[in-house]
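My notebook is open and I have a protein to look through. I'll jot things down as I look them up.

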Amino acid sequence: MKSRVGVSMVEITIALFVAALAIGPMIALLSSSNRMSTASTYETLAVYYATEISDQIRRLAPQLPDILEDARVKTGVSNLEMPSIFSWDPDELLFYDNAKTVFFKAAGMNLDARLILTPLHRNFLRRTIDVQQLDNSALQEFDAESYYKVIITIEWEDDLTQGNVSKELKMVVIIND
Amino acid sequence: MKEYKRGFVLGIVVMVTLLMAVFIFSYNSIVRRANIQAHHERLVKIADQLAISGVTLIGNRLSQMDYEQLLDEMPELLNRVSDIEDFSIGSSLSNRLRQDYQTILNQLNELQDPSALISGYPQVSDVTIGFKNIRAINLRSNATTGDDMPSEQFRHGRDPVEKVGELVVSCTIEHMGVSRKASIRRQFRVVSMVPGPFARFTLFTSTTPHPHSYNAMGVHFSGAIEPAFSYEPAGMSFSGNLRIYNGTDSLDVTPSVAYMDLDDDKRNLRNRGWIFLGPSPMAFGEPLNQREGPVFLNIPSGFNQQTGGEFMIGWPTSYASMLLPSEQIDDDSHFASASAFVGHNYLVGGTFRGFYVSEEGNPMGAGARNLWPGLSLDPTTPYQHPDDHFLSAASWLFPYGTRTRASRTLVVGPAMAGFLKFYFIRGTNAVGDPYRGIFTSMPTSAYDDRIDNNRNVDSFAGAGLWLGDLVPDIRAEDFFLQGYDSFERLFPYNSLPQNNPPDAGIAFNMLFDFMKYDRDSYPSLDAPPSLASTDFAGEDILVPGHSSLSDGPIYGIHPYNNFNIFFQDGQYNTAVYPDNCYYSGDLRELSIESSNLMVNPRVTHILDMSNYSSLSEENERVKRYLFRTENIAGVDVSVPRRSGIFYIMRRTTADLEDPDDALVLTDLPVRLDRSLIVICNDGGVKIAADIICNDFTDRPENLFTIALRNGDIFLAGGGTRRIDAYLAALSGRPQVGRLLNEGVYDFVINGGLAVTELGLHQGFTRTTMRDFPSGGEINYNIGLNPSTEHYFDAYFLLLEDSASRITLTGGR
């Protein structure tokens with residue numbers, strides 16, 4: 001009779017078994033959710049970092065010919081091309097502490113135009129701006145000018161990153177001179 | 001009771017597990033949604049940037065369109081404002097722009113969707129372009145009545161096509177399942193690159209310092225420049241004249257063509273730039289808009305290609321003779337014919353002559369002949385001594401081109417032609433020997449005395465002006481059939497009146513019957529000028545106000561205080577057809593300040609340098625603002641950055657009177673590849689190098705105007721300065737608004753010139769004429785003429801640099 005009193009060993013065993021079965025996946029799911037949450041935060045941050053640059057470049061676009069001419073005057077290179085004033089060292093754009101003013105440059109000399117950039121989160125590995133001229137030979141209406149794509153690349157790694165492959169975002173702004 | 005506790009722990013565990021599962025799944029769901037949102041946001045932002053780039057590029061492209069493209073794609077923009085409402089442009093252009101932008105997007109490999117079955121590039125799904133809130137630039141209303149005031153606007157120049165409004169461009173981008181649409185609103189202006197009513201004139205001067213301002217150049221009898229001549233009142237010598245060609249299509253007049261035909265006349269009347277020579281003051285310090293004094297232009301003697309001016313009076317019988325054909329007088333009621341005298345064979349005639357300061361055997365020129373009234377060596381007259389003989393000086397200003405490139409036009413203002421005429425008799429006597437003589441003038445008493453003494457005709461010739469023997473005698477009383485009345489008709493004639501204001505004289509317009517120039521006969525100087533054809537009588541646009549040319553004591557003086565410029569033939573009633581009138585007002589009151597450049601909001605860009613501290617700062621800024629530097633064939637040149645009407649505000653500390661503080665737009669040669677107008681609010685502007693239009697056939701295709709509100713234009717840099725532009729310095733104040741010399745030899749302007757004053761002061765005040773003793777050349781650009789079809793080429797669509805509003809929405 002005595003053995004019938006209280007919680008049976010079987011019950012506890014079953015409860016532990018059920019708990020063990022459920023908690024394992026749930027913890028895994030929780031962990032995965034946390035990683036996903038972090039990933040989306042990083043992605044949102046990446047969009048912010050890229051948009052911050054693209055908005056400033058778009059606003060500067062009407063003045064870019066002036067900036068380029070200024071660069072030509074300062075460097076003495078009369079055939080200086082647009083991409084050359086976007087030539088920052090990758091380390092210049094990669095900083096983590098305080099907001100920073102980044103000047104456009106030509107031959108190592110600062111120009112009057114600048115970008116103001118916020119510091120990156122520690123998980124971000126790269127922030128670059130690349131300018132490439134577009135082929136306008138097939139254009140009907142736009143063929144009178146030169147067109148460029150400004151490629152803004154933001155690279156980061158998060159907990160979802162596997163095999164040391166980081167993530168990146170590329171945003172493009174089209175400008176003309 | 002105890003048995004129901006069985007399974008309690010299991011139940012608790014299961015329940016807790018279930019609760020945890022619900023929580024964790026919920027959390028996971030939220031995280032997943034946030035993750036999807038973040039990714040979606042990423043795609044949205046990427047698509048947004050592409051859509052904004054698209055509308056910006058399309059807007060920029062539209063602002064590059066010239067007149068021809070506007071006419072093809074958006075003809076509504078060139079309608080008069082009264083005929084236009086909001087509109088969208090056709091699908092053809094939208095599609096081409098969409099395809100072009102798609103071509104650009106197809107080069108964005110960075111954004112290609114690797115999972116897409118087809119291209120995977122962002123797609124441009126739609127482009128729309130519309131013009132909204134259109135209103136006239138010059139439509140100002142009466143504050144009280146709310147009515148439009150075109151009559152007020154006519155005083156400044158009223159273009160009914162110029163307009164302002166909003167350009168609305170939208171572009172829809174689809175990228176990896178996201179569709180985004182960007183719309184921008186940019187203010188637009190449709191403006192003409194013709195600066196104002198003064199640009200209807202090749203040469204426009206608000207006033208002339210004094211009536212003889214232009215008559216200071218010494219020419220030989222042949223028309224060649226007499227370098228030894230010094231114009232003593234100003235102590236100057238001139239080595240060249242200012243030649244005005246009133247259209248780059250000017251017809252060369254050759255002796256082989258007897259006269260121009262009607263169509264040529266009509267075309268020329270319409271196309272040529274006119275000339276306004278503002279009146280001289282009748283009293284010292286008289287306000288510009290009250291001046292009514294005359295402007296005398298002494299036509300130079302001779303047929304020298306550049307400086308001989310007698311082609312303006314008539315044309316030599318042949319190139320070889322270089323002499324004006326004589327006017328033969330066959331008037332049997334006053335002069336006996338040769339048949340009345342046995343053995344004689346003679347003719348009586350008259351010869352027109354320009355002014356000259358030297359001739360073979362007479363180094364003192366026309367004045368020393370003591371033949372013409374008002375032109376004699378009188379030692380009591382200041383400056384009139386042999387070394388000066390300035391009254392025989394000729395005009396430095398050539399309003400009708402040159403002998404080999406005649407370019408006649410309408411001269412507006414009180415411009416009077418100065419020329420001489422003498423009468424002669426020429427024949428052979430009974431023994432076959434020649435004789436000839438030039439008649440002089442004398443009072444009645446002297447005439448009667450000669451008649452009483454039975455003197456012959458040769459006694460009525462000027463001193464030393466008779467050659468040959470008059471045998472047998474020809475008694476004067478037998479020759480002059482109506483006595484002194486007949487003799488008086490042969491008095492030497494000087495067209496310049498002596499009174500001020502003049503009550504007689506020959507208006508410059510009288511010499512040509514405007515565009516018609518029949519070289520077979522001289523114009524009648526006793527009747528109003530007539531039109532080239534009666535067909536022109538109803539065409540006020542061609543010769544505005546011609547009906548009033550017969551009013552007043554001097555025929556042919558063109559009114560300048562109520563002057564009209566029309567766009568097209570007919571519709572001259574401004575109350576009924578206000579849109580056909582470009583200008584109506586008093587030319588003396590026209591200045592940059594009062595023109596539609598400043599009165600109407602035509603200015604598209606303002607550069608404010610008022611707080612700058614130095615000229616070098618201003619020069620650097622204005623150069624970079626207006627021009628970019630290009631290297632063409634190894635030479636750095638300035639090329640305009642954009643079309644527009646630019647208003648430059650000088651620094652407040654600038655010394656407006658100091659030439660050294662004049663603004664330099666650029667120190668490099670300018671190569672024009674687009675049209676623009678630059679207005680300077682205060683002070684002078686220095687042009688330090690040539691301004692050359694890349695597209696130059698018979699005229700500059702791109703219109704460039706430099707307009708100074710309150711300063712002088714300086715030509716600097718040495719040599720001959722070529723300027724493919726219209727230069728305007730109209731301040732409305734005497735002695736401010738001139739073209740001055742800072743080191744060049746002379747100039748060639750392909751456009752036109754409008755200045756407050758041009759002619760020489762008697763003193764040492766600087767004017768264009770004083771500063772350019774070597775002269776210059778002005779060729780009118782008929783693209784500036786609102787009465788020609790070329791005027792429509794001057795319209796441009798100009799957009800503000802940045803969008804006033806950008807809207808981003810979902811694309812579907």
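Entry 1: I started at B:Pro472, which sits in the loop between β20 (461-467) and α7 (476-479) of chain B. This is a predicted model, by the way. The peptide bond joining B:Val471 to B:Pro472 is cis, with omega at about -10 degrees. I made a note to myself that most peptide bonds are trans.

Entry 2: Next I looked up B:Asn370. It isn't a glycine, yet its phi is positive, about 50 degrees. I found B:Asn370 in the loop between β11 (345-353) and β12 (394-395) of chain B. For background, most residues other than glycine have a negative phi.

**Entry 3: salt bridges.** How many salt bridges are there over all chains? My search of the whole structure turned up 41. I picked out one of them, B:Asp661 with B:Arg651, where the closest N and O atoms are 3.1 Å apart. Both B:Asp661 and B:Arg651 lie in the loop between β27 (644-649) and β28 (663-664) of chain B, so the pair ties together parts that are 10 residues apart in sequence.

**Entry 4: where the chains meet.** I then turned to the interface. On chain A, 55 residues are in contact with 58 residues of chain B. The two chains bury about 5,100 Å² between them, and 60% of that is on carbon and sulfur atoms. I counted six salt bridges between chain A and chain B. One of them pairs the side chains of A:Glu69 and B:Arg641, at 2.6 Å from N to O.

Which parts of chain A supply at least two residues each to the side that touches chain B? I wrote down α1 (9-60), α2 (64-75), β4 (147-156) and β5 (167-176). The largest share comes from α1(A), with 22 residues. Sorted by class, that side of chain A has 28 nonpolar, 11 polar and 16 charged residues.

**Entry 5: a nonpolar patch.** I found a nonpolar patch of about 720 Å², made by A:Ile23 and A:Ile27 together with B:Phe8, B:Ile12, B:Met15, B:Val16, B:Leu19 and B:Met20. The elements giving two or more residues to the patch are α1 of chain A and α1 (8-63) of chain B. Which element gives the largest share? I noted α1(B), with six residues. I checked B:Met15 too, and its place is in helix α1 of chain B.

Definitions and conventions: Residues numbered from 1 in each chain as written. Chains lettered and ligands numbered in written order. Predicted model: local features only at pLDDT ≥ 70, side-chain atom pairs only at ≥ 80, totals over all residues. Heavy atoms only, no water. Contact = heavy atoms within 4.5 Å. Buried area = accessible area lost by both parts, 1.4 Å probe. Salt bridge = Lys/Arg side-chain N within 4 Å of Asp/Glu carboxyl O. Helix = DSSP H or I, 4+ residues; strand = E, 2+ residues; numbered from the N terminus. Nonpolar A, V, L, I, M, F, W, Y, C, P; charged D, E, K, R; others polar. Patch = residues over 30% accessible without salt bridge, like charges linked within 9 Å, V, L, I, M, F, W, Y side chains within 5 Å. Areas by Shrake-Rupley, 256 points an atom, 1.4 Å probe, with all protein chains shown as cover.
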